[in-house]
Amino acid sequence: MGEGAAHRLPPSGLRRRSLIAGAALLAGLVPMRLVHAAEPLEPDEEALFMTGTARPAADGRLEVDIHAWIFERENRWDLNAAFARYLGLSLKKLSPAARLRFNQRTALFHAESEEGKVIDVDFDGTSTRVTMPPSGKDGRCNLRVVIDMPRAPLLATSHSPQDWVQFHGVTGPGELLHRFRGQALVVPEQGISVISDIDDTIKRTQVRDRREMLLNTFARRFESAPRMAGWYRALAKVPGTRFHYLSASPIQLYPALSDFIRNADFPQGSMHLRESTTWRTLIPGDEDSRTHKLGVIGRLLAEFPQRRFVLVGDSGEADPEIYAQTFRSHPQRIESIVIRDVTGEGRTSDRYRATFEGIDPVRWHIVMPDTAAWPVQALN
């Protein structure tokens with residue numbers, strides 16, 4: 001083989017995967033669609049674990065859902081600069097803190113999803129180690145596994161006795177630092193589950209103004225919606241209450257949104273974001289957002305069949321319509337619907353009257369942004 005041909009060889013890792021796949025194909029052991037053999041993470045690859053849920057099993061163990069994204073970071077300062085110009089910003093003129101914030105929030109949008117990667121997961125306080133399925137083209141891998149109850153006490157948050165299962169990705173033998181940590185919210189068989197939208201429900205985003213939405217998402221400090229954290233903390237005091245944060249925001253914003261919920265003193269909960277991995281799908285279409293939210297709500301209703309649900313959203317998008325549809329499908333499961341009215345339509349508007357037609361008026365509530373009190377009858 002000549003020197004020029006050698007330069008055209010793929011990287012060694014890719015050659016190894018190709019040889020393995022080729023041998024398997026020749027042996028007739030795998031279908032023709034196989035391209036890559038599963039491999040562990042490389043040193044420059046990362047795993048991001050979404051905050052999921054766990055449920056007590058009949059035998060005293062726990063059934064845990066794990067959702068991970070495997071990716072490799074890429075520094076694309078040219079794209080960051082172009083995006084900043086689109087927003088009317090000059091990165092050079094931003095303060096160091098503002099520039100760092102912008103770079104951190106855009107960083108994962110440059111990441112490359114890694115296919116065919118496997119990672120082991122260890123559960124804290126147990127001897128359980130599981131291997132996640134190989135990641136798909138989108139870098140995602142999901143697993144539901146039953147584990148023994150952890151020996152150590154489960155972590156409790158500062159606001160309520162919510163229990164958590166802690167785990168971490170294993171990246172090598174004898175590792176001293178657990179780089180990739182995750183957790184799952186333990187949801188009791190019975191109780192109240194609050195499914196809450198994020199943008200313009202608990203965080204000021206201004207979704208209806210695209211430029212303002214992008215600036216509030218990438219350039220500015222996240223701002224909590226007035227009084228919402230206090231209302232949620234009051235709800236969290238009801239025994240058995242759990243929170244599930246649902247948003248059409250892409251998973252690349254998961255670290256920033258998780259920090260916001262913690263720093264703004266909202267009760268911690270599971271997080272259910274849209275599985276976008278490209279700039280092109282940063283802003284979802286109306287149908288994509290609706291499909292995502294209805295899908296997550298449906299899964300939570302199915303996974304926790306004895307729990308009652310409170311649905312909290314805002315009027316800036318289709319939350320009222322999505323929640324009303326859910327209520328009509330599961331009238332015995334939905335305790336109440338609460339809408340933060342950011343559009344100034346008022347309870348007697350044609351929109352709300354049509355959306356909630358036929359639903360008992362005491363089951364749905366419209367809260368104005370300057371309202372000083374939570375509708376206490378929402379849980380009565």
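This is a short talk on one protein structure, going from the whole chain to single residues.

Good morning. A word on the source. This is a predicted model, where local features need pLDDT of at least 70, side-chain atom pairs count only at pLDDT 80 or more, and totals for chains, interfaces and linings use all residues. Residues are numbered from 1 along each chain as its sequence is written, and side-chain values use heavy atoms, with hydrogens and water left out.

Let's take the whole protein. It has 10 helices and 18 strands. Helices (H or I, at least four residues) and strands (E, at least two) are DSSP runs, numbered from the N terminus. Of the 380 residues, 49% are buried. Buried means under 20% relative accessible area, exposed means over 50%, and partly exposed is in between, with a 1.4 Å probe and protein chains only. The accessible surface is about 18,700 Å². Carbon and sulfur atoms account for 53% of that surface. Those areas come from the Shrake-Rupley method with a 1.4 Å probe; for residues, only the protein chains shown count as cover.

Now contacts, meaning heavy atoms within 4.5 Å. Take the contacts between residues at least 6 apart in sequence: 70% of them join residues at least 24 apart.

Next, helix α5. Why is α5, residues 210-218, described as largely enclosed by the rest of the structure? Because seven of its nine residues are buried. They are Glu212, Met213, Leu214, Leu215, Asn216, Thr217 and Phe218. What covers them? The cover includes α3 (77-86) and α4 (96-107).

On to salt bridges. Side chains of opposite charge can pair when their charged atoms come close. The cut-off here is a side-chain nitrogen of Lys or Arg within 4 Å of a carboxyl oxygen of Asp or Glu. How many salt bridges does the structure hold? It holds 22.

Start with Glu212, one of the buried residues of α5. Its side chain meets that of Arg220 in a salt bridge, 2.8 Å from N to O. Arg220 is partly exposed, at 31% relative accessibility.

Then Arg204 and Glu223. Their side chains form a salt bridge at 4.0 Å, N to O. This pair links distant parts of the chain, 19 residues apart. Arg204 is in the loop between β13 (192-196) and α5, and Glu223 is in the loop between α5 and α6 (228-236). Both partners count as partly exposed: Arg204 at 36%, Glu223 at 42%.

Asp78 pairs with Arg76, and their closest N and O atoms are 3.3 Å apart. Asp78 is partly exposed, with a relative accessible area of 46%. Arg76 is partly exposed too, at 33%.

There is also a network. Salt bridges link Arg55, Glu63, Asp65, Arg144 and Glu303.

Back to the loops around α5. Asp200 lies in the loop between β13 and α5. Its phi is near 70°, a positive value in a residue other than glycine. Is Asp200 buried or exposed? It is buried, with a relative accessible area of 9%. Arg227 sits in the loop between α5 and α6. Phi of Arg227 is near 70°, again positive in a residue other than glycine. Arg227 is partly exposed, at 36% relative accessible area.

Gln306 is in the loop between α8 and β16 (308-314). It is partly exposed, at 42%. Which residues does Gln306 touch, not counting those up to four places away in sequence? Glu189, Gln190 and Arg333. Gln306 and Glu189 are 117 residues apart in sequence, yet 6.2 Å apart in space, C-alpha to C-alpha.

Gly136 is in the loop between β8 (129-131) and β9 (140-147). It is partly exposed, with a relative accessible area of 24%. Leaving aside neighbours within four places in sequence, Gly136 is in contact with Glu114 and Glu115. Gly136 and Lys117 are 19 residues apart in sequence and 8.2 Å apart in space, C-alpha to C-alpha.

Last stop, the surface. Asp286, Glu287, Asp288 and Glu317 gather in a patch of negative charge. Asp288 belongs to helix α8, residues 286-303. Patch residues have over 30% relative accessible area and no salt bridge; like charges are joined within 9 Å, and nonpolar side chains (Val, Leu, Ile, Met, Phe, Trp, Tyr) within 5 Å. Lys and Arg count as positive, Asp and Glu as negative; His and the chain ends are not counted. A charge is placed at NZ of Lys, CZ of Arg, CG of Asp or CD of Glu.

Thank you.
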